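Trainee: Could we go through this structure together? I would like to begin with the surroundings of a single residue.

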Amino acid sequence: MKSDIEIAQEARMLKITEVAKRLGISDEEIELYGNYKAKLKLSIFDRFSEKKSGKLILVTAITPTPAGEGKSTVTVGLTQAFNKIGISSIATLREPSLGPVFGMKGGATGGGYSQVVPMEDINLHFTGDFHAIGSAHNLISACIDNHITQGNGLKIDITKISWKRVVDINDRALRDIVIGLGGKINGYPRESSFQITVASEIMATLCLSNSLKELKENIGRIVIAYNLDNQPITVEDLKIAGAVTALLKDAIKPNLVQTLENTPVLIHGGPFANIAHGCNSLIATKLALKLSDYVVTEAGFAADLGAEKFFNIKCRKGNLTPNCVVLVATIRALKHHGGAKELNEENIQALQKGIENLDKHIENIKKFNLPVVVAVNRFLTDTEKEIEVIKNHCRDINVPVSLCEVWEKGGEGGIDLAEKVKHEIDKNLDRFSPLYELNQPLQNKIEIIAKEIYGADGVDFSIKAKKSIEQFEKLGYAHFPICISKTQNSISDKKGLLGRPKNFNLEIDEIRLAAGAGFIIAMAGGIIDMPGLPKLPAAEQIDIDDNGVITGLF
């Protein structure tokens with residue numbers, strides 16, 4: 001079997017102007033980045049404002065193995081399958097971060113014959129959105145230290161500066177640093193740190209803003225520090241909200257690309273799901289809903305992370321109503337949760353034990369009053385006996401299930417899944433509801449997520465976290481939704497607890513405010529916002545020849 005990058009490099013792509021034309025988009029409404037990438041102007045919304053929005057399908061997953069379970073592959077394949085059966089469909093995805101591209105996971109544009117192309121461009125610098133976001137974030141960082149050096153008129157307490165710096169590379173050496181060394185001319189020495197760019201509040205704010213005007217307003221509200229009276233200092237107080245937004249004037253426009261089967265894809269924004277809210281931009285999702293009948297989107301990692309945040313944060317902010325959920329499962333991951341060490345060998349006992357992880361995610365999705373279809377993303381090592389175990393179990397609990405072969409067969413391998421999703425949507429239930437009310441206290445909202453979604457017995461808040469909750473509620477942020485940052489390797493906050501964890505308490509170490517993005521971040525289980533590289537980083541496998549042909553990207 002050819003590698004993903006070999007398949008992608010053999011693709012027969014359409015000029016992106018042709019892809020846009022098929023969507024009813026004129027040449028004047030796109031900005032070309034070469035022949036196969038383009039940005040879409042936000043003025044398109046005006047022309048399509050009266051058009052009825054299409055249906056929204058979320059692709060999520062069970063708790064993954066380190067290699068992931070193929071959500072992007074299924075998202076792309078399902079979109080291709082819908083188009084094959086005569087339903088116009090667009091996929092909306094996040095932009096890949098250079099962190100995992102050069103780290104452990106590799107690229108993030110799907111796989112096999114269900115990929116988005118040009119995959120090398122998308123996985124590397126693409127249209128420069130992440131660089132713009134990083135520059136905007138670091139402009140704020142520079143202005144904070146400059147303001148202090150130039151007299152500190154806002155009386156910023158240098159021990160209470162919450163704004164970090166960012167870089168879109170996994171670099172553990174930057175987690176804790178000291179800046180301003182070298183004398184007074186270089187500023188005041190203080191402790192600081194870096195986040196990975198996809199954890200930046202600028203990233204989250206861009207992805208949750210509906211327009212350039214709203215983005216500027218939201219950036220102005222970002223709290224970057226506190227003064228000597230412990231009152232918040234915002235970007236607007238620094239008088240740079242306009243300058244920061246100016247750096248994002250192009251980044252806010254969604255990117256149009258295509259799949260191997262020339263179906264349209266909007267890729268825009270990329271917040272991590274175990275650190276941030278894990279969804280592509282509201283603008284891309286809403287635009288896709290105007291341009292097609294079915295929009296297939298994904299949220300990062302498993303349903304306890306990306307899907308929960310998609311429902312409770314993104315759908316609230318954008319007034320979105322999802323119509324169906326596809327829950328991706330692999331036999332490999334289920335055996336992993338059942339205690340198997342060798343995932344490529346048949347192990348019915350481990351598979352049956354691991355199915356409890358699948359069941360918990362199904363239960364969680366149904367708590368949002370949404371229909372769910374299980375997609376078994378097939379691997380070459382899966383046996384017929386193992387496949388039948390999952391199919392029979394889903395039938396027993398009355399949940400639609402489909403063997404998904406989009407990696408090997410492209411859209412053709414997802415037609416059964418597409419038809420089953422359409423069947424669920426045609427029931428026209430539209431009963432979606434978030435898990436909690438926004439007017440509940442912050443601590444209660446965290447406890448609801450912990451108990452209902454993770455299955456925790458309770459929540460243990462550090463003294464620091466409790467003080468922050470009290471402070472943020474006094475400052476008027478009690479109505480914000482919650483974004484819990486935790487491990488992706490377990491439904492709990494303890495990565496070693498596989499399957500369906502029980503008899504544990506969620507541990508909240510720290511509470512952070514994301515006033516621009518409009519949510520409260522609860523840091524659980526010692527999660528960090530600057531990943532490190534593994535012992536054998538993916539970067540070691542990537543190369544480029546004299547003709548500019550890249551190999552080893554995925």
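Mentor: Gln258 touches Met13, Leu14, Ile16, Val19, Tyr36, Gln115, Val116, Val117, Thr263 and Val265, leaving aside residues up to four places away in sequence; contact here means heavy atoms within 4.5 Å. Please note that this is a predicted model, in which local features need pLDDT of at least 70, side-chain atom pairs count only at pLDDT 80 or more, and totals for chains, interfaces and linings use all residues. Residues are numbered from 1 along each chain as its sequence is written, and side-chain values use heavy atoms, with hydrogens and water left out.

Trainee: Where is the place of Gln258?

Mentor: Gln258 belongs to strand S14, residues 255–259. Strands (E, at least two residues) and helices (H or I, at least four) are DSSP runs, numbered from the N terminus.

Trainee: Is Gln258 buried or exposed?

Mentor: Gln258 is buried, its relative accessible area being 0%. Buried means under 20% relative accessible area, exposed over 50%, and partly exposed in between, with a 1.4 Å probe and protein chains only.

Trainee: Which polar contact does its side chain make with another side chain?

Mentor: The side chain of Gln258 makes one with the side chain of Asn262, at 2.8 Å. The Gln258 side chain also reaches the backbone oxygen of Leu14 at 2.7 Å. A polar contact is a pair of N or O atoms within 3.5 Å; within protein, one must be able to donate a hydrogen and the other to accept it, and residues adjacent in sequence count only if both atoms are side-chain atoms.

Trainee: Changing topic, how many disulfides does the count give?

Mentor: The count is zero, a disulfide being a pair of cysteine sulfur atoms within 2.5 Å. For Cys483, the closest cysteine sulfur is in Cys279, 9.1 Å away, which is too far for a bond. Cys483 is buried at 0% relative accessible area.

Trainee: And how many salt bridges are there?

Mentor: The whole structure holds 29 salt bridges, each a side-chain nitrogen of Lys or Arg within 4 Å of a carboxyl oxygen of Asp or Glu. Glu31, Lys249, Asp250 and Lys253 are linked in a network of them.

Trainee: What about Arg512 and Asp529?

Mentor: Their side chains meet in a salt bridge, 2.7 Å from N to O. Arg512 lies in strand S22 (505–514) and Asp529 in the loop between strands S23 (519–524) and S24 (543–544), so the pair ties together parts that are 17 residues apart in sequence. Asp529 is buried, at 6% relative accessibility.
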